[in-house]
Amino acid sequence: MVRRVLFVTGRLAEPALRGVLADMHPDFAYDVAVMGITVAALMTTEWIARGLAVDEGTDLVVIPGLCEGDPAAVAEKVGVSVEKGPKDLREIPEYFGSAAARQDYGAWDIEIVAEINNVLRMSADAVRTTADYFRASGPDVIDVGCPPGVSFPGLGDVVRGLVAAGMRVSVDTFDADEIRTAVAAGAELVLSVNGSNLEVAKDLVGTGARVVVVPDLGGGLETLEPTVAALERWGVGYLIDPILEPIGFGFVASLERYAEVRRRYPDAAMLMGIGNLTELTAADSTGVNAMLVAVCQELGVRAVLTTEVIPWARGAVREVDVARRLMHYAVTQHTIPKGVDNRLVTLKDPAMLTFSEDELRALQARITDPNYRIFADRDGITVLNNERFVRWTDPGRLVDLFMQLDVTDAAHAFYLGRELARASLAVTLGKTYRQEGALSWGYLTPPDEAASDHVTLTQRSKRKPSA
């Protein structure tokens with residue numbers, strides 16, 4: 001249990017940090033160590049280690065999230081646990097509020113099957129590239145999609161190549177010959193079997209391959225029973241997929257089928273193919289995936305099949321990987337799925353963190369250099385340095401704001417134009433803006449630029465004295 005925390009910061013950020021800590025009313029004591037540097041982000045862990053003194057009784061040292069280096073360098077010097085805090089000091093309350101949750105977070109029990117569609121039309125290199133892309137996104141099985149009714153003579157080579165690369169492989173086909181070929185080449189899962197091709201399952205006895213059981217075409221759940229019974233007699237492993245239908249074609253009724261299958265087969269493994277929602281609904285796939293994985297988690301559906309064909313579903317595999325962890329935590333901990341992992345919040349931020357005008361005026365009073373600092377809030381953009389304080393509430397007319405900054409150096413103008421555009425986007429979307437930091441797009445957020453860029457890019461041209 002943390003009893004005393006030492007927060008490390010620079011001179012400019014000290015008042016804001018103290019204000020955040022005072023407002024959060026933490027359940028631990030804290031101290032603030034102000035290092036001999038103006039901008040906290042320009043610290044390195046080696047530099048902090050050389051100059052930081054830690055009082056006895058301190059349990060944890062929190063250093064700025066943007067400082068470069070390994071916190072272990074500081075911990076080794078001061079003999080106390082050291083963590084990098086959030087990149088924005090305004091996120092400290094959330095950081096500490098979710099600390100306990102982070103210790104137990106990350107487990108999952110839903111496997112992801114990522115389908116490569118229409119493999120027949122792809123070159124061997126394209127198949128491998130797509131499989132590597134999917135594997136980096138977090139799936140457990142790579143599915144080889146076979147177009148129905150078309151001969152696929154290279155199927156065995158494709159499966160063998162993926163297995164040789166260390167991937168678990170499934171095959172998506174009803175064709176008995178393709179099923180035999182794929183399993184002989186190393187595929188461990190077959191999508192799918194029903195009454196129309198059940199006999200091929202006899203050939204899988206002893207291979208260790210499992211099959212996905214689906215209802216007969218045009219039939220109801222009652223058609224599952226003879227297929228399941230036969231598979232159990234033969235000792236072939238199986239998962240049941242009642243088939244998720246698109247919206248407008250029985251979506252709700254298909255969800256009810258999953259619940260009914262769970263009642264009829266309480267111990268059976270189940271699979272849900274979610275592409276009929278993510279690929280066939282004109283909506284960002286992040287929220288759709290989150291809800292479908294939540295359904296799977298509560299119903300005990302332990303495998304999900306997904307793909308990334310339609311542009312708005314690009315990244316779906318990564319989204320399911322995040323969602324399975326979030327929903328596992330929510331269901332097993334009996335808590336709501338928020339406040340521990342915001343990576344599925346992409347377009348709209350969980351909160352827009354801002355500074356008041358009084359806080360910015362106080363900051364300006366402490367600034368002694370002409371470098372511009374940019375801030376955004378719900379109503380507009382503020383640009384300030386030691387001489388100017390420009391408040392702008394019409395993000396659509398950034399050129400008028402820019403003209404007030406008296407910038408003549410081309411590199412500096414480019415930098416400010418880019419940052420003002422990013423700040424304007426933050427105002428429009430209600431996102432938190434942090435100068436030189438990437439806007440948060442959830443799991444899509446790009447890395448920040450180097451903190452050292454602040455020195456070279458925010459300064460005004462040396463060719464023209466300050467106005």
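Is E436 buried or exposed? E436 is buried, with a relative accessible area of 9%, where buried stands for under 20% relative accessible area, exposed for over 50% and partly exposed for what lies in between, with a 1.4 Å probe and protein chains only. The model on screen is predicted, so that local features need pLDDT of at least 70 and side-chain atom pairs count only at pLDDT 80 or more, while totals for chains, interfaces and linings use all residues. Residues are numbered from 1 along each chain as its sequence is written, and side-chain values use heavy atoms, with hydrogens and water left out.

**The whole chain**

Of the 467 residues, 50% count as buried. Among contacts with a separation of 6 or more, 60% are made by residues 24 or more positions apart, a contact being heavy atoms within 4.5 Å.

**Backbone details**

Now return to E436, which is found in the loop between α16 (410-429) and α17 (453-457); its phi is near 70°, a positive value in a residue other than glycine. Select N118 next, in the loop between β5 (111-116) and α6 (124-137), where phi is again positive, at about 50°, although N118 is not a glycine. At 34% relative accessibility, N118 counts as partly exposed. For a further backbone feature, go to the peptide bond from L191 to S192, which is cis with omega near 15°; S192 is placed in strand β8 (residues 189-193).

**Aromatic rings**

Next, show the side chains of F7, F28, Y30, Y95 and F96, which ring pairs link into a cluster. Rings of Phe, Tyr and Trp (its six-membered ring) pair if their centres lie within 6.5 Å, and planes under 30 degrees apart count as stacked, over 60 as edge-to-face and the rest as tilted. By this rule the structure has 7 aromatic pairs. One of them joins F28 and F96, a tilted pair with 5.0 Å from centre to centre and 40° between the planes. This pair links distant parts of the chain, since F28 is in the loop between α1 (14-24) and β2 (29-34) and F96 is in helix α4 (residues 92-97), 68 residues apart. The rings of Y95 and F96 have centres 5.5 Å apart and planes at 75°, so this pair is edge-to-face. Y95 is buried, with a relative accessible area of 17%, and F96 counts as buried at 18%.

The charged end of R314 sits over the ring of Y133, 4.4 Å from the ring centre, and the charged end of R361 sits over the ring of F389, 3.6 Å from its centre. A charge sits over a ring if NZ of Lys or CZ of Arg is within 6 Å of the ring centre and within 35 degrees of the ring normal.

Move to T286, in helix α12 (residues 285-299), which is buried with a relative accessible area of 10%. Leaving aside neighbours within four places in sequence, T286 is in contact with E319, L344, T346 and Y443. L347 lies in the loop between α13 (316-333) and α14 (357-366) and counts as partly exposed at 41% relative accessibility. With neighbours within four places again set aside, L347 is in contact with L429, K431 and W441. The C-alpha atoms of L347 and W441 are separated by 6.0 Å, although these residues are 94 apart along the chain.

**Pocket and cavity**

Grid points are joined across faces, edges and corners, and a volume is the space filled by probe spheres set on the points.

The second largest pocket holds about 1000 Å³ of space. Its lining comprises 31 residues, of which P86, E91, E94, N342 and S440 lie nearest the centre. The structure also holds 2 cavities of 30 Å³ or more, and the second largest cavity has a volume of about 40 Å³. Residues lining this cavity include E111, R168, E188 and R210.

Technical notes:
On a 1 Å grid over the protein atoms alone, a cavity is a set of points where a 1.4 Å probe fits but cannot get out, and a pocket is an open set with protein on both sides within 12 Å along at least five of seven lines; lining residues have an atom within 4 Å of a point. Helices (H or I, at least four residues) and strands (E, at least two) are DSSP runs, numbered from the N terminus.
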